[in-house]
Amino acid sequence: MKIELHEIPVREVTNGYIDSADNGVVGYGGKLNIRPAFQREFIYKDKQRNEVINTVIKGFPLNVMYWVKSDNGSYELLDGQQRTISIAQYVNGDFSVNHLGFDNLTDTEREQILNYKLMIYICEGTDKEKLDWFKIINIAGEQLTPQELRNAIYTSEWLTEAKKYFSKNGCPAHAIASDYLKGTAIRQDYLETAIRWISARDGIEIEDYMAKHQHDPNCNELWLYFQNVINWVKVIFPKYRKEMKGLDWGVYYNKYSQTNYDPKTLESKIVELMQDDDVTKKSGIYEYLLDGAEKHLNLRTFTQSMARSAYERQKGICPICSQHFEITEMQADHITPWSKGGKTTPENCQMLCADCNRRKSNI
Ligand SMILES: [Zn+2]
């Protein structure tokens, strides 16, 4: 990993500045990609933009910027996009500051701006090294999401393809799955989720999956897998409920798609569980129906007053071992377990000593 500080005059950075719909935003004689795929659109307000220009005119320092050098010798701008574009647009004559455009300045003033040196860290290294470094410097700069950072590293044809499916407003993933996914396509939440699921299937991390497939000619595998996940959900849980949004469907798919569930049976259980006051986490119903673990449901527990009533009723005697205990030594227990239809009600509450309670739950 190599990081070097360079002082590059505005003249060179803005040389060959182009902002076009087809070719993106380019500078530094065509060698600098000012708005790489992972960067946000230019969102500076006029005031911030003008402050950058005033700073340059006065010769005051701007914060350092970060570029990443690619294998082919070109650069991608990692941090400093908005400042760079402000300066380039000003030099390009796109706007005025203090009622003066670049062309209205004297030769000396123009030269002073063109000779102003930008402090730029240029980084070269392996993908993994760059990603680690991005994560660190991103703390201070504009917040990129973890997936935006990964996209910055694993730039490729494969990623471009994947973004067509997962990363645009109205993209195919949005069309089939927005009801099931949290976040938004443009902040890379959909892409991240899809890769996280398929990585979980393969038992690897998101970065590993991206590194492994970076040079694939297309992302068919990811897109077909993702569609399988969503189709599976729609087949086994055909009635949509808002609690289904944001669940880890791909992880469930990886584990349970080989099991044959009956959608009608599942639906009648969902109807029942949705109405069960003891189920405090309704979104957990789906995973519960797949693996049977009650922990997904956050079942209601007995209140202090229910426990106290049961303790007084029992006169402090544990009904299993018949010994007397202080209330602090006892635990509230469902006489009829929830799984057998027992509810979290005063009538179904008994106090057991810790030992007996442990033995009962282990049965
Ligand atoms: Zn006992």
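Let me start with Glu 294, which is partly exposed, with a relative accessible area of 32%. Keep in mind that this is a predicted model. Glu 294 sits in a loop, between helix H14 (285-291) and helix H15 (304-314). Which residues does Glu 294 contact, leaving aside neighbours within four places in sequence? They are Tyr 288, Leu 299, Trp 338 and Ser 339. Take Trp 338 from that list. In sequence, Glu 294 and Trp 338 are 44 residues apart. In space, their C-alpha atoms are 9.2 Å apart.

Next, H15 itself. Its buried residues are Met 306, Ala 307, Ala 310, Tyr 311 and Gln 314. These lie on the same side of H15, because they cover an arc of only 135° around the axis. Now look at the other side of H15. Gln 304 and Ser 305 are exposed there. What do the buried residues of H15 pack against? They pack against S8 and strand S9 (349-353). After H15 comes Lys 315. The phi of Lys 315 is positive, near 55°.

That brings us to S8, and to one residue in it. His 334 is found in this strand, which covers residues 330-334. Is His 334 buried or exposed? His 334 counts as buried, because its relative accessibility is 18% and the cut-off for buried is under 20%. Its side chain makes a polar contact of 2.9 Å with the side chain of Thr 344. Thr 344 is also among the residues that His 334 touches, not counting those up to four places away in sequence.

Now the metal site. Four cysteines coordinate the zinc ion through SG: Cys 318, Cys 321, Cys 353 and Cys 356. The distances run from 2.2 to 2.4 Å. What is the geometry of the site of the zinc ion? It is tetrahedral, with angles of 97 to 116° among the 4 donor atoms. Along the chain, the donors follow the spacing C-x2-C-x31-C-x2-C. Cys 353 is buried, at 4% relative accessibility. Cys 356 is buried too, at 3%.

On to the sheet. There are 7 strands in an open sheet, and the pairing is mixed. The order is S1-S7-S5-S6-S4-S3-S2. Which strands stand at the edges? Strand S1 (2-9) and strand S2 (18-20) do. Each has a single partner strand, so one side of each is left without a neighbour in the sheet. Let me pick out one pair. Strand S5 (residues 65-69) pairs with strand S7 (residues 117-124) in the parallel sense, over 4 bridges. Tyr 66 stands opposite Tyr 121 in S7.

Last stop, helix H12. This helix spans residues 249-256. Trp 249, Gly 250, Tyr 252, Tyr 253 and Tyr 256 are buried in it. Why do they count as being on the same side of H12? Because they cover an arc of only 160° around the axis. What covers these buried residues includes helix H9 (189-202), helix H11 (220-236) and H14.

Key
Residues numbered from 1 in each chain as written. Predicted model: local features only at pLDDT ≥ 70, side-chain atom pairs only at ≥ 80, totals over all residues. Heavy atoms only, no water. Helix = DSSP H or I, 4+ residues; strand = E, 2+ residues; numbered from the N terminus. Buried < 20%, exposed > 50% of the residue type's maximum accessible area, 1.4 Å probe, protein only. Polar contact = N/O pair within 3.5 Å; in protein donor to acceptor, adjacent residues only side chain to side chain. Contact = heavy atoms within 4.5 Å. Arc of directions from axis to C-beta. Donors = N, O, S within 2.8 Å, 3.2 Å for Na, K, Ca; no water. Tetrahedral: all angles 85-135°; square planar, octahedral: opposite > 155°, others 65-115°. Pairing = 2+ DSSP bridges.
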